[in-house]
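Biologist: I have a few questions about this one. Can we go through it residue by residue?

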Amino acid sequence: MITVETLELLEWRRLCQHLSTFAATKLGAVAARQLQLPIAKAESIELLEQTKEVYTLEQQLDSGWSFKGIEDIGEALERAKIGGILSAPELLDLATTLAGVRRLRRTIDAKAEELPTLTKLITDLRTYPEIEQEIHHCIDDRGEVADRASSKLGEIRIQIKRLRDKIYQILQGILQRQGNAVQETVITQRGDRFVIPVKAPQKDAIPGIVHDTSSTGSTLYIEPNSIVGLGNQLRQAERQETREEEAVLKALSDKIAAIQEDLERLLAIATRLDLATARARYSLWLEANPPKFVDVAEGETITLRQLRHPLLVWQQQHEEGRAVIPIDVQIQPQIRVVAITGPNTGGKTVTLKTLGLAALMAKAGLFIPAKEPVELPWFEQVLADIGDEQSLQQSLSTFSGHIRRISRIIAAIDQKDGQTGKEENTTSNPKSHRQSLILLDEVGAGTDPAEGSALAIALLKYLAEQTLLTVATTHYGELKALKYQDERFENASVEFDDATLKPTYRLLWGIPGRSNALTIAQRLGLKAEIIEDARNRVGATASEDINYVISALEAQRREQETKAKEASKLLEQTERFYTEVSAKASSLQERERELKLSQEKTIQQAIAQAKAEIAQVIRQLQQGPQTAQNAQKATEALNQIAERELLSQKLPKAAKPDYKPKVGERVKIPSLGQTGEVLSIDEEEGQLTVRFGLMKMTVSIEEIESLDGQKVEVSKPKSAPAAQSPPTQTQKPPVALRTSQNTIDLRGSRVINAEVDLEKAIASATESGTLWIIHGKGTGRLREGVHEFLERHPQVERFELASQKEGGAGVTIAYLK
């Protein structure tokens with residue numbers, strides 16, 4: 001079948017072999033080696049989503065996720081299905097597989113929102129923890145039936161141990177008593193019977209049953225008569241043990257058989273998860289990117305930048321091959337046929353295989369080794385005619401081999417088209433039969449050039465009608481002209497270095513390959529008259545004109561590529577400069593923030609210290625006699641603390657040296673973190689022009705400094721100094737401390753009675769200088785009477801209502817003379 005042939009030609013199985021090395025289980029490795037390609041686009045999209053989610057999950061987890069314990073239990077499940085008894089190691093493998101899959105499910109469940117495709121895959125997964133526990137209860141870690149599997153088994157094994165101990169005890173006694181008769185003082189076994197090696201001449205010294213003799217006949221292995229009965233009992237107990245073990249294994253096997261379908265589904269899900277993991281890890285190793293399927297019918301372009309052949313990448317990494325030369329592929333939506341021309345060994349065939357493998361990898365859910373964006377159609381079929389199918393046995397020439405394979409390709413296209421038309425009951429469906437990628441190597445080669453080129457043109461025109469994309473390599477010059485006759489055709493060529501006479505393996509788009517045979521022959525030393533005669537025979541004028549145009553196009557392309565590289569380097573330098581400036585700006589902002597935090601911390605410490613000293617002053621004032629003199633001392637102490645703390649925040653600025661930049665001098669621009677050369681100075685505007693790297697910039701003269709840190713002293717208009725007067729200290733009222741001696745409560749008193757009590761309170765509070773009068777709010781009549789009394793009292797300097805926290809309108813503070 002042509003599809004199978006294509007996979008062989010593209011070396012798809014070799015890629016699958018590489019993929020299998022990234023699988024974590026034997027099942028995953030087998031599935032990778034036998035990787036099947038999806039037949040529907042939706043399936044490919046689902047596989048890609050699985051690969052993306054595992055790729056992301058592996059990046060998030062510290063050590064990736066583990067498939068530890070998952071074994072290939074497929075054969076055991078099949079045997080359980082038909083009533084077979086599973087062995088203890090097989091049951092143990094089944095239990096560890098259940099535990100391993102359960103760990104995978106928990107990992108996915110923990111990130112269910114981020115992993116919708118994987119979550120859907122494990123939706124109905126059952127891991128039967130009760131079966132796992134029962135297996136571990138009955139089977140120990142060595143893969144043997146445990147004593148605890150059944151009470152009867154435990155009793156039997158106790159009996160077996162007792163019998164063995166008794167047999168050993170009797171045999172040890174015989175060895176000690178008959179030391180001269182035994183060949184060697186050891187107890188061994190022949191079959192399931194315990195024996196001792198006895199010298200043949202002294203066999204009568206130890207009567208018993210002879211089970212074996214040595215090769216020389218000098219040693220007889222005898223079971224003494226004294227243990228024959230015990231041996232029979234032991235053998236019977238061991239048979240009972242075997243029957244009981246089989247009963248335990250049978251019971252477990254029956255439980256496995258009852259859930260065999262669920263376990264097969266579990267195994268299939270574990271295999272799909274491992275295969276997705278292999279695809280993700282292989283894609284990561286390839287430094288590949290996820291593809292996006294585009295629809296050329298909607299005007300979308302095929303884009304594969306810096307595409308590398310995955311097998312050549314493997315060869316480079318593991319087999320010390322040479323560096324892989326990537327190719328750029330960009331095919332416009334209207335293009336149906338690409339004709340690649342160029343010299344032999346220039347990379348045309350490798351280009352075909354690279355494109356074919358890229359299409360197959362995307363279809364199988366693998367990432368593609370190309371730079372983003374990776375955009376290509378989903379191809380229903382990938383069919384190829386690459387290489388030479390020449391066969392002596394079948395009497396096939398090179399041309400015949402190519403034609404037979406191309407016939408099979410056309411038959412496959414027509415068959416697919418017929419199936420689609422039958423399903424849709426239509427006679428024509430252009431979109432459906434255009435979902436094929438056709439790869440043709442040396443199309444029309446191996447026969448008369450005139451007929452071969454005509455056949456190649458007819459074939460490519462047919463494929464342009466029937467397929468989504470055809471890529472063909474050729475040496476026929478007539479195929480180069482198809483681009484200018486039909487917009488569905490495009491030219492490409494592999495680059496050839498005229499200086500070294502070697503291919504560069506780069507793929508050039510839009511430019512056909514030019515003929516290099518005569519040029520190469522001339523440079524290799526072939527006689528000039530032969531070269532000239534050859535040129536005349538091929539039509540030198542037309543050929544030279546075509547080659548000249550192609551050469552000019554190649555030169556123009558190289559010039560554009562050189563300029564593009566220079567622009568790319570300049571852009572890279574600009575981006576690096578921007579990154580450095582941003583980093584240094586961020587560093588300065590961070591330093592500024594740290595400085596502010598440090599200053600705030602220092603201020604907070606000073607405030608805390610001042611508060612502590614103020615509290616100490618207040619305690620001293622409260623503990624001592626509360627006189628106006630003491631209050632005045634406390635006020636002076638507080639003023640001294642305030643002056644000291646405020647002065648400590650004012651640091652004298654160091655005088656700046658007088659510095660002026662000069663043209664040609666290198667200066668620093670701290671705000672940009674750069675050094676540059678002064679090109680010109682505008683003293684009137686206070687600006688200068690500086691060059692650093694490829695950039696010129698005009699900056700303020702205040703923004704620069706010398707390399708040793710000196711800054712420009714900018715002259716400012718001086719204002720007339722204000723007349724300084726000796727500092728006068730504003731007299732602050734003494735700190736008023738409220739105590740029981742300078743507080744009077746008049747609430748509930750009549751005005752006339754309050755005046756008497758108030759007079760006495762003023763007399764008592766003269767020393768403190770302040771009197772708190774509590775009269776309450778009420779109707780306000782008592783407050784008015786108190787205020788009228790205070791206004792006419794000769795000892796009251798002034799009075800006012802207290803603050804809200806001290807009573808507000810319900811309290812009046814009187815300051816005494």
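Biologist: Is Asp93 buried, partly exposed or exposed?
Modeller: Asp93 is partly exposed, at 32% relative accessible area; buried means under 20%, exposed over 50%, and partly exposed in between, with a 1.4 Å probe and protein chains only. This is a predicted model, in which local features need pLDDT of at least 70, side-chain atom pairs count only at pLDDT 80 or more, and totals for chains, interfaces and linings use all residues. Residues are numbered from 1 along each chain as its sequence is written, and side-chain values use heavy atoms, with hydrogens and water left out.

Biologist: Which helix holds Asp93?
Modeller: Helix H6, residues 88-110. Helices (H or I, at least four residues) and strands (E, at least two) are DSSP runs, numbered from the N terminus.

Biologist: Next, Gln50. What does its side chain contact?
Modeller: The Gln50 side chain makes a polar contact with the side chain of Arg279, at 3.4 Å. A polar contact is a pair of N or O atoms within 3.5 Å; within protein, one must be able to donate a hydrogen and the other to accept it, and residues adjacent in sequence count only if both atoms are side-chain atoms.

Biologist: And is Gln50 buried or exposed?
Modeller: Gln50 counts as buried because its relative accessibility is 1%. Gln50 lies in helix H4, residues 41-60.

Biologist: Backbone now. What is the phi of Glu287?
Modeller: Positive, about 55 degrees, although Glu287 is not a glycine. Glu287 sits in the loop between helix H11 (260-286) and strand E5 (291-293), and counts as exposed at 62% relative accessibility.
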